[in-house]
Amino acid sequence: MKWPWSKREERNLQTGLTPQYIELRRKGLQSDGSAALSATVATCAGVWSRAFAMLTPEPNRDLILPDTMAAIGLDLLLRGESCWHIRMENDDLSLVRVAYWDELGDGKYHLHIARVNTTETVRALEPEILKLTINSDPARPWKGRSPFALMGLSATLLAEIEQAVSGALPFAGKGLLPMPSTIAPDQQSKVLSGLQTGSLAVVTSKADFQHHTGGERSEMKRVELTPDMQKMMLQPTYDALSMQVMAAAGVPPSLFAGGGNDGALRETYRLFALQTVDPLSRQLEPELKRKLGITKLGLQDMMSADVAGRARAVSSLVGSGVPLQTAMGLVGWEGVDVPETPAKTETPAKGAA
């Protein structure tokens with residue numbers, strides 16, 4: 001007979017904080033404080049966060065504030081999903097960010113909300129959960145995947161290269177100056193006064209070194225400690241990996257190219273807005289409409305910098321015979337009232353009857 005209290009409790013660790021943290025650490029996408037994210041991944045995260053902050057929820061733009069939209073963009077990039085608890089506070093709807101969660105099935109959730117010195121645990125049902133996902137796996141359609149998860153270990157390799165370079169930088173310009181012990185101390189100080197700098201160290205050699213080299217002066221040669229990074233071909237590899245990471249995140253690499261002109265940068269920015277941000281926002285709209293009544297995430301704030309280009313497009317379309325309202329809709333200016341231009345009246349020439 002087994003004692004009732006001898007039964008061991010079995011816990012399923014397939015979901016929750018620990019496996020998620022291990023997975024993100026394995027892919028090099030989360031920092032524990034000792035090693036920062038790679039510069040390229042951080043650039044993509046900043047671009048996504050700022051782009052989502054500029055999206056306009058319609059019809060009520062105050063329902064989701066820009067800081068919440070920025071957090072949604074950051075979550076979607078780094079882990080492919082973002083979870084929020086919908087609450088009513090003082091007769092106003094609010095969204096509370098969920099740090100990690102367990103899906104128990106049948107529309108039941110176990111939420112963990114980070115607080116100062118504690119973690120708030122909430123049991124919630126599916127109608128009060130706003131869960132946004134991208135890149136879902138067919139085997140697990142309820143979970144999203146980060147764009148970096150679809151490209152193998154490029155992001156990890158990029159971070160390892162940066163760590164290798166940062167580890168080698170403390171030795172850049174450093175050198176050793178071997179000095180025979182037979183040189184008098186006053187001569188040593190005289191030599192050091194002219195040679196020793198912050199990047200030079202002096203090592204006293206063995207007393208009998210001169211017997212094997214043929215003289216005590218032949219040893220006076222600086223030994224370089226600077227790593228030879230050119231043999232590793234890090235720069236081409238780093239550039240190629242950076243372009244791959246940015247392309248996987250949907251950020252055109254030419255957006256940060258140093259040699260681009262203004263026209264090329266505007267086209268690149270338009271490409272990012274229309275081919276990355278707009279499709280992602282359309283994927284999120286069904287969940288936002290079902291839970292919050294948001295029918296569209298508008299791009300008008302993002303595209304406001306391209307007013308001159310769209311105005312030229314409208315002018316070209318109208319000049320080709322396209323109706324004005326149709327041309328306005330084609331460039332994304334739906335619902336914009338344009339005052340009609342009064343017809344010009346010809347003034348009779350002087351002396352005319």
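Which loop holds the place of Pro59?

**View 1. The loop around Pro59 and its cis peptide bond.** Pro59 sits in the loop between strand E1 (56–58) and H3. A cis peptide bond joins Glu58 and Pro59, with omega about 10°. Most residues other than glycine have a negative phi, and most peptide bonds are trans. Helices (H or I, at least four residues) and strands (E, at least two) are DSSP runs, numbered from the N terminus. This is a predicted model: local features need pLDDT of at least 70, side-chain atom pairs count only at pLDDT 80 or more, and totals for chains, interfaces and linings use all residues. Residues are numbered from 1 along each chain as its sequence is written, and side-chain values use heavy atoms, with hydrogens and water left out.

**View 2. Helix H3 and its burial.** H3 covers residues 66–79. Ten of its 14 residues are buried, so H3 is largely enclosed by the rest of the structure. Buried means under 20% relative accessible area, exposed over 50%, and partly exposed in between (1.4 Å probe, protein chains only). Among the buried residues are Met69, Ile72, Asp75, Leu76, Leu77 and Arg79. At 1.5 Å a residue, the 14 residues of H3 should span 20 Å. The end C-alpha atoms of H3 are 20 Å apart, which agrees. That expected span is 1.5 Å times one less than the number of residues. Gly80 follows H3 and has a positive phi, near 80°.

**View 3. The aromatic pair in helix H2.** A search of the whole structure finds one aromatic pair. Trp48 and Phe52 form this pair, which is stacked: 6.1 Å centre to centre, with 25° between the planes. Rings of Phe, Tyr and Trp (its six-membered ring) pair if their centres lie within 6.5 Å; planes under 30 degrees apart count as stacked, over 60 as edge-to-face and the rest as tilted. Both residues lie in helix H2 (residues 39–53), four residues apart, about one turn of the helix. An α-helix has 3.6 residues a turn, so residues three or four places apart point the same way. Trp48 and Phe52 are both buried.

**View 4. The nonpolar cores.** The largest nonpolar core has 43 residues. Such a core is a set of buried Ala, Val, Leu, Ile, Met, Phe, Trp, Tyr and Cys residues joined through side-chain atoms within 4.5 Å. Trp48, Val251 and Leu288 have the most contacts inside the largest core. Elements that each supply at least two residues of this core include H2, H3, strand E2 (81–89), strand E7 (129–133) and helix H8 (262–292). A second, separate core of ten residues includes Val96, Trp101, Leu111 and Ile113. Leaving aside neighbours within four places in sequence, Leu288 is in contact with Ile64, Leu130, Leu132, Gly293, Ile294 and Leu297. Contact means heavy atoms within 4.5 Å.

**View 5. The three-stranded sheet E4-E5-E6.** This sheet is open, and its pairing is antiparallel. The edge strands are E4 (100–105) and E6 (118–125); each pairs on one side only. Neighbouring strands are turned by 15° against each other on average, direction ignored. Two strands pair if DSSP finds at least two bridges between them. E4 and strand E5 (residues 108–115) pair over five bridges. In E5, Lys108 is the bridge partner of Gly105, His110 that of Asp102, and His112 that of Tyr100. Eight bridges join E5 to E6. Tyr109 stands opposite Ala124 in E6.

**View 6. Turns and loops with positive phi.** E4 and E5 form a hairpin with two residues between them, and Asp106 in the turn has a positive phi of about 60°. The hairpin of E5 and E6 also has two residues between the strands. Asn117 lies in the loop between E5 and E6. Its phi is positive, about 65°, although Asn117 is not a glycine. At 81% relative accessibility, Asn117 counts as exposed. Asn135 is placed in the loop between E7 and H4. Phi of Asn135 is positive, near 55°. At 29% relative accessibility, Asn135 counts as partly exposed.

**View 7. Arg97 and its contacts.** Arg97 is found in strand E3 (residues 92–97). Its relative accessible area is 36%, so Arg97 is partly exposed. Not counting residues up to four places away in sequence, Arg97 touches Ala71, Asp75, Cys83, Trp84 and Ile113. Arg97 and Trp84 are 13 residues apart in sequence and 4.7 Å apart in space, C-alpha to C-alpha.

Definitions and conventions. Axes are lines fitted to C-alpha atoms, for helices over the stretch in contact, and angles run from 0 to 180 degrees between N-to-C directions.
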